[in-house]
Amino acid sequence: MRHNIFVRLGHQDDEPAQDTADIIIDMIDSFGDLDRGLGQLLERLFKLGATPSEAAVDLMIVATAVYAADTGVSRERYADDGWTRMIDLNVAVSEPGLWRKQQDHLSRMLQFLTGDHWGFTFRDRPNDLQSFTKQPEEMDLTDFTQVSLFSGGLDSLIGAIDLLASGQRPLLVSHYWDGEASSAQRQLLEVLKDRHGDAFESVRAYIGFRKSDFAEAGSDNNQRARSFLFYSLAVVAADAVASTNKVLIPENGLIALNVPMDAHRLGSLSTRTAHPHFIRSMSELVNALGVDVTLENPYRFKTKGEMARQCLDRDLLAELAPASMSCSHPAQVRFESAPPQHCGRCVPCLIRRASLAAGLDEADTTTYFLDDLKKGVLNSKSADGKNIRSFMFAAENLRKNPSRARFLVQKPGPLGRDDLDAYVDVYRRGMNEVSEILKGVRTKHV
């Protein structure tokens with residue numbers, strides 16, 4: 001079953017016939033400005049004296065619409081196989097012809113990212129909304145050396161610390177929707193600002209959709225398309241400033257590859273947020289749209305532990321690490337009568353725990369719901385033991401057959417031949433890192 005979504009830009013935008021659109025998403029507020037948090041992001045850039053191109057703004061609008069569809073259309077209800085949805089988006093852009101040429105590429109990269117089949121129709125923006133940008137009151141005098149993603153997680157924190165400690169002047173771009181990510185970002189930015197003053201600037205975008213926006217379509221919590229939105233926000237920022245065209249995506253190599261731990265998590269069932277193939281596809285799309293921005297993961301050949309151990313200000317990292325948020329679903333522990341926090345047992349939490357054990361001299365003081373991995377026998381059918389057993393299983397298989405790593409790293413997606421050996425090495429080292437903290441942990445398939 002195909003789901004048709006119409007993205008409307010204001011009252012002058014043509015409304016589709018009711019029988020052709022299942023959902024209508026309004027992107028313009030009652031004042032005629034971009035809504036959904038996009039207008040606020042642009043205003044923040046304008047205040048910095050920076051103005052993005054209309055092509056970059058189009059990318060941000062398209063990415064927001066994709067994110068809305070991804071989080072708003074239930075896989076359980078609308079996917080025939082329980083996972084793969086068919087979604088068509090009708091979006092107004094400044095140059096429809098340019099976007100139509102990239103339609104197939106866009107559909108393929110999103111299918112790789114989310115596992116769904118995406119279709120697009122591009123039309124002209126309404127006459128009164130031909131431009132969302134405006135000339136700044138002052139000349140762009142920004143001197144940023146790069147734009148860097150800042151999610152509030154441990155990797156993005158290390159990325160920011162390294163840039164500042166090396167004398168760079170980054171523009172940190174954040175996306176948030178849930179309270180845990182927002183709180184982590186705010187706390188970390190406050191301390192970084194206190195320590196480094198005007199050595200960096202930050203822009204945060206509050207972009208998301210509520211269940212009431214798609215009441216008839218249900219909702220989906222996987223958020224596979226979030227990285228497309230996040231990268232697009234950073235591209236807009238880099239395109240807006242005159243001093244840099246570089247976007248950095250700080251992510252350790254093990255998570256970026258995200259090799260499935262078992263045969264049941266193939267394809268998009270394992271997230272591909274920072275997979276090299278997706279970053280490369282995103283770069284190709286951006287450049288084809290005429291936006292001169294490059295995207296790069298500077299830590300793609302490092303484990304998370306190596307990132308921590310080689311951090312240029314390890315004292316500051318040790319101080320701030322507990323306030324960073326790495327957990328994939330920090331709010332899920334509320335079902336076990338606990339406030340939102342690191343669960344301590346999901347894949348990102350396990351990699352985080354291993355990295356801090358390997359990378360810092362002092363003990364990890366992060367609060368974890370599952371605080372002691374060795375306290376008792378963990379049920380591998382429950383949330384406590386499921387991912388841990390999978391990690392142990394994968395690590396043992398890799399130990400018995402080290403050459404299999406070359407095959408495994410290529411399962412999530414294609415990798416460049418020149419970099420294949422480096423990806424194999426970082427996968428092996430990353431798995432060894434996690435294996436260290438699992439020594440003595442006991443699981444049982446109850």
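Analyst: Start with what the helix names rest on: helices are DSSP runs of at least four residues in H or I, strands are E runs of at least two, and both are numbered from the N terminus. With that in hand, Ser337 sits in the loop between H12 and H13. Bear in mind that this is a predicted model.

User: What makes Ser337 exposed?

Analyst: Exposed takes over 50% relative accessible area. Ser337 comes out at 73%, so it counts as exposed. Its backbone is worth a look too: phi is positive, about 60°, although Ser337 is not a glycine.

User: Why is Leu320 called buried?

Analyst: The cut-off is under 20% relative accessible area. Leu320 has 4%, so buried it is. Leu320 is found in helix H12 (residues 314-320). Ignoring residues up to four places away in sequence, Leu320 touches Leu157, Leu188, Val191 and Leu192.

User: And Asp58, how do you know whether that one is buried or exposed?

Analyst: Against the under-20% cut-off, Asp58 has 1% relative accessibility, so it counts as buried. Asp58 is part of helix H2. Beyond its sequence neighbours up to four places away, Asp58 touches Ala92, Val93, Ser94, Glu95, Trp99 and Arg125.

User: Why does Ser107 get the buried label?

Analyst: Its relative accessible area is 14%, and that is under 20%, so Ser107 is buried. Ser107 lies in helix H5 (residues 103-114). Setting aside neighbours within four places in sequence, Trp118 and Phe120 are in contact with Ser107.

User: What makes a set of residues a nonpolar core?

Analyst: The members have to be buried, of a nonpolar type such as Leu, Phe or Tyr, and joined through side-chain atoms within 4.5 Å. The largest core here has 82 residues, and Leu89, Leu106, Leu171, Phe228 and Tyr231 touch the most other members. Helix H2 (residues 54-72) gives the most to this core, with 13 residues. A second, separate core of 30 residues includes Leu350, Ile351, Phe391 and Leu398. As background, nonpolar side chains tend to be buried together in soluble globular proteins.

User: Which residues does Leu89 contact, leaving aside neighbours within four places in sequence?

Analyst: Ile5, Val7, Ala65, Val66, Ala69, Trp118, Gly119, Phe120 and Thr121.

User: Last one: how do you know whether the length of helix H16 agrees with its residue count?

Analyst: At 1.5 Å a residue, the 18 residues of H16 (420-437) should span 26 Å; the end C-alpha atoms are 27 Å apart, so the two agree. Buried residues in H16 include Leu420, Tyr423, Val424 and Ile437. Among the elements covering the buried residues of H16 are H9, H13 and helix H14 (386-400).

Note on methods: Residues numbered from 1 in each chain as written. Predicted model: local features only at pLDDT ≥ 70, side-chain atom pairs only at ≥ 80, totals over all residues. Heavy atoms only, no water. Buried < 20%, exposed > 50% of the residue type's maximum accessible area, 1.4 Å probe, protein only. Contact = heavy atoms within 4.5 Å. Expected span 1.5 Å × (residues − 1).
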